[in-house]
Every structure is written in C-alpha cells, then in structure tokens.
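Dear colleague,

Please find below the structure that I am handing over to you. My notes on what was found in it follow directly after it.

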Amino acid sequence: VTMVGYATWPSEGFTYKAKSFIGAAFDGKTGIWLCPSDADRVVRIDKETGEMKGYADWPVGVTLAPEAFAGGVFTGSHIFLVPYSARFVVKITTETGMMPRLEWPKPLTPPSWAFAGGAFDGESVWLAPATADSVMKIDALTGLMTRYQSIPSECATVPARAVAFVGAVFDKHQSVWFIPNAASCVL
C-alpha cells in the first residue's frame, strides 16, 4: 500500500479548514469530487496528477450554510450533491462544472439537516432521510422529485429528530437500502 497526500488546494481564494468536506464522488474517469460541508466550493481532484480545481459558480438562491451537503451521488454524467443544511439539491455536470439547482416538489421545504447520503439505481437518485420525514427519489434525467412518506413505524428514530439514516446503497437488483444511524432498523 502506497499512500500519497495531496495538499495543493485550488488557488482561487480557497482556504482549507476542518470540516471543509463531507463525502466525495468518483466521476468514472479521473475526477474525485469533494462535496462541501463548510467549504465554499466543490473541489475536483485529478486522481492521476493530484491537481485540484474549485467550482463555486453556485446557482441563484443557493447559499452555503455550515454543513451544507452530506455527500454526492454520481449518475454517469452528473453528481447530485445531497443537501444536509443546504436548501436545494445541486446537480453538477462533470464535463463542464455547471451547477444548476433542482426544485423541491411543492409545497415541500425540507428541514435543516434533511438528508445524509444517497444512492443511484441506474435511473434515479435516492436521498437518505436524516431528519426529513420522507425518502426523496430524483429522476436523474429530468430532475423530477418524488417524495415517499411511508417509512415503517418500526423504523422510528430514537431519539426523535436525531439523524435517522446516514447513507444508502443500491443492491444492483431492485432495492435501495438505507443505513441507520438513530433509526431502529435498516430500511
């Protein structure tokens, strides 16, 4: 095992600090995309050279609060940033770095610390509910969101309002599994 550290951060005014990132996504080619928690930008690292580039062209209406995103999900051409305290899902085009925001289904306004992690099933991105009362499914092509509120009662979060689930995985067949944190079951 050979470990190499890369610490030449993007020079466009970026300062690394503790809790800058939570999670990352590999774009299937050469890019590792770091998902901002307390950072002001997404950072792409070239896995071959270690070169880093920052992306901070946030869409209108997206303000980054502390603990903005909790991971990212790669879909083949885009990375969906999973909103933790951010008020929107952001869909990054990996070829261009374009970062449009996606709109929630009306009248939904997710709570702070809403989602933590997600999974891609080949067609849709599934967001794991942290403090949200529902699972969110996002069509990877259209960005259309569908809300599922039928979380079984045996998955009650203990204590209430704690972070219920902290990630998800697709089993390559037909199911997405949600990983419990304070929830009392695997969903």
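I begin with a contact between charged groups: the side chains of K19 and E67 meet in a salt bridge, with 3.3 Å from N to O. The term denotes a side-chain nitrogen of Lys or Arg within 4 Å of a carboxyl oxygen of Asp or Glu. K19 belongs to the segment before β1 (21-26) and E67 to the loop between β4 and β5, so the pair ties together parts that are 48 residues apart in sequence. K19 is partly exposed, at a relative accessible area of 46%, and E67 is partly exposed as well, at 23%. Here buried means under 20% relative accessible area, exposed over 50%, and partly exposed in between (1.4 Å probe, protein chains only).

Please note that this is a predicted model, in which local features need pLDDT of at least 70 and side-chain atom pairs count only at pLDDT 80 or more, while totals for chains, interfaces and linings use all residues. Residues are numbered from 1 along each chain as its sequence is written, and side-chain values use heavy atoms, with hydrogens and water left out.

The search of the whole structure gives 7 salt bridges. Among them is the one between D40 and R41, at 2.8 Å from N to O. D40 is partly exposed, with a relative accessible area of 38%, whereas R41 is buried at 7%. Another of them joins E48 to K47, where the closest N and O atoms are 3.0 Å apart. E48 counts as exposed at 54% relative accessibility, and K47 as partly exposed at 41%.

Strands are DSSP runs (E, at least two residues), numbered from the N terminus. How many residues of strand β3 (residues 42-46) are buried? The count is 5 of the 5, so β3 is largely enclosed by the rest of the structure. In a regular strand the side chains alternate between the two faces of the sheet. In β3, V42, R44 and D46 point one way and V43 and I45 the other way, all of them buried.

Two strands count as paired if DSSP finds at least two bridges between them. Strand β2 (residues 31-36) runs antiparallel to β3 and is joined to it by 4 bridges, with G31 opposite D46. A hairpin of 5 residues connects β2 to β3. β3 also pairs with strand β4 (residues 52-55), in the antiparallel sense and over 4 bridges; in this pairing V43 stands opposite G54. The hairpin of β3 and β4 likewise has 5 residues between the strands, and G50 takes a positive phi near 80° in it.

The nonpolar interior comes next. A nonpolar core is a set of buried Ala, Val, Leu, Ile, Met, Phe, Trp, Tyr and Cys residues joined through side-chain atoms within 4.5 Å. The largest one has 32 residues, of which L81, W104, L127 and I138 touch the most other members. At least two residues of this core come from each of β2, β5 (69-74), β6 (78-83), β7 (89-93), β10 and β11 (135-139). The largest share, 4 residues, is supplied by β6. Apart from this core lies another, of 13 residues, including A119, C155, F165 and A168.

Contact means heavy atoms within 4.5 Å. Leaving out residues up to four places away in sequence, I138 touches, among others, F80, V89, L102, S124 and L127. S124 is found in strand β10 (residues 124-129) and is buried, with a relative accessible area of 5%.

Rings of Phe, Tyr and Trp (its six-membered ring) pair if their centres lie within 6.5 Å; planes under 30 degrees apart count as stacked, over 60 as edge-to-face and the rest as tilted. One of the pairs is W9 and Y16, stacked at 4.8 Å centre to centre with 10° between the planes. W9 is partly exposed at 24%, and so is Y16 at 44%. W58 and F69 are also stacked, at 5.8 Å and 10°. W58 lies in the loop between β4 and β5 and F69 in β5, so this pair ties together parts that are 11 residues apart in sequence. Both W58 and F69 are buried.

With kind regards
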